Amino acid sequence: MAAAAASNSASNPILCASFNQDNSCFVIGTKDGFRIFNSSSGRLLYERVIGAFVIVEMLYSSSLLAIVGAGEQASLSPRRLCLFNTETETALRELNFLTSILAVCINRKRLIVVLQGKTFIYDINSLVILDTIDTVPNLKGVCAFSPSLDGCFLALPASTTKGSVLVYNVMDLHSHCEIDAHRSPLASIVFSSNGMYIATASEHGTIIRVHSVADATKSYSFRRGTYPSNVFSLSFGQSIGLPDILLATSSSGSVHAFFLGLAIDQRSRRSSTFLGSIIPDSVGDALDATHHHVLHNAVAPGVKSYAVIRKVDRASDTSASESTPCRATISIITYNGYFLEYVLNINHRNESTWTLDREFNLVTAISESESNSS
């Protein structure tokens, strides 16, 4: 999903940022053009300097990009979606709309285009419109998309007054369910990579909830903080079954990691006690901070950030006293122009340490070809 456009100011040179479906690459849009980076090495892979872009989405590690201009140049209208080939540096197809495009989602079968009051579903190969969804006014283009073809769901706000989510199956082209997640309107949504779980945050930003998509039931409630905050991004770790970690960034500048596996263990232990058996899980989970790890001041307060969990490693043997049951690699893009990568280690006592592994400036990065020729 394309992250929403940030302020076009000198302090925020990045207008949009997104990782591809397996987090192996990421792309940023600026007032000058767009850039593709390798997530593991940080190497600048491709650069196109032709004007300002507010949406740039990759299809895995292919040469296909979906790009939308910021409207600062006549040729880069925010109402025009261009499918661009980075190998040939040509536009394959263009789609024009009556209003500005707010978000774009892609996988190997579907292309999703989100406008303020309508969402279009295309076959990505033929670009035939398969369905059109009339939506409530979605001014910020809030949406989520699961790239998995087995659980290929799209999530959109279902209300402007509360945090209801419409979950739509884009392969079978029918509404799957509606989830009442929050009392306040939605600010951020994300699916797990397999489409089994959906996490939501409201504009209030204090509670993050996780629902099972199959039966629309609430699985977890996590308290992000006591004071309201604008949740910029949510991200699950890659998973085959249950995701290990849910990550959140917000205007507070902190990064929050919630461990779903630990929440399961603690829920089962709590339910075996008398008090645990009469306290609802949603209340207990929201107030229990033992599976919540926070990195304060990871980003300057107020600076927009977008983070993903690139990798999660679990130790096979946790019997050793100094063992690390979980190690997560977390990549963060800040809209003031930086890439940060932290390693989060959780030991057998559930104690966490955050280590800054990499940091570099995205705007001043030089491609390998440029550095070799200089």
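Guide: Happy to. Keep in mind that this is a predicted model. Let's start at Cys-105, which is buried, with a relative accessible area of 0%. Cys-143 is buried as well, at a relative accessible area of 1%. Are these two cysteines bonded, or too far apart for a bond? The sulfur of Cys-143 has its closest cysteine sulfur in Cys-105, at 3.9 Å, and that is too far for a bond. A disulfide would need the two sulfur atoms within 2.5 Å, so Cys-105 is in no disulfide. For the structure as a whole, the disulfide count comes to zero.

Now on to the nonpolar packing. The largest nonpolar core has 21 residues, and the ones touching the most other members are Leu-81, Phe-97, Ile-101, Val-104, Leu-111 and Val-113. Strand 6 gives the most, with three residues.

Setting aside its neighbours within four places in sequence, Leu-81 is in contact with Ala-66, Ile-67 and Val-68, with Arg-93, Glu-94, Leu-95 and Phe-97, and with Ile-101, Val-104, Leu-111 and Val-113. Apart from this core there is another one, of 20 residues, which includes Ala-298, Val-299, Ile-309 and Cys-326.

Back to Leu-81, this time for its place in a sheet. Leu-81, in strand 7, is the bridge partner of Val-68. Strand 6 and strand 7 run antiparallel to one another and pair over five bridges. They belong to an open sheet of four strands, ordered 5-6-7-8, with antiparallel pairing. Which strands stand at the edges? Strand 5 and strand 8 (90-96) do, and each has a single partner strand, so one side of each is left without a neighbour in the sheet. From one strand to the next, the twist averages 20 degrees. As for what holds such an arrangement together, strands of a sheet pair through backbone hydrogen bonds.

Strand 7 has another residue to look at, Phe-84. Phe-84 and Phe-34 form an edge-to-face aromatic pair, with 6.0 Å from centre to centre and 80 degrees between the planes. Phe-34 sits in strand 3 (residues 34-38) and Phe-84 in strand 7, so the pair ties together parts that are 50 residues apart in sequence. Phe-34 counts as buried at 1% relative accessibility, and Phe-84 is buried too, with a relative accessible area of 5%. How many aromatic pairs does the structure hold? There are 15. Ring pairs also link Phe-19, Phe-26, Phe-37, Tyr-306, Phe-339 and Phe-360 into a cluster.

Strand 13 joins strand 14 (residues 153-157) through two bridges, in the antiparallel sense, and Ala-144 stands opposite Ala-155 of strand 14.

Definitions and conventions
Residues are numbered from 1 along each chain as its sequence is written. This is a predicted model: local features need pLDDT of at least 70, side-chain atom pairs count only at pLDDT 80 or more; totals for chains, interfaces and linings use all residues. Side-chain values use heavy atoms; hydrogens and water are left out. Buried means under 20% relative accessible area, exposed over 50%, partly exposed in between (1.4 Å probe, protein chains only). A nonpolar core is a set of buried Ala, Val, Leu, Ile, Met, Phe, Trp, Tyr and Cys residues joined through side-chain atoms within 4.5 Å. Contact means heavy atoms within 4.5 Å. Two strands pair if DSSP finds at least two bridges between them. Axes are lines fitted to C-alpha atoms, for helices over the stretch in contact, and angles run from 0 to 180 degrees between N-to-C directions. Rings of Phe, Tyr and Trp (its six-membered ring) pair if their centres lie within 6.5 Å; planes under 30 degrees apart count as stacked, over 60 as edge-to-face and the rest as tilted.
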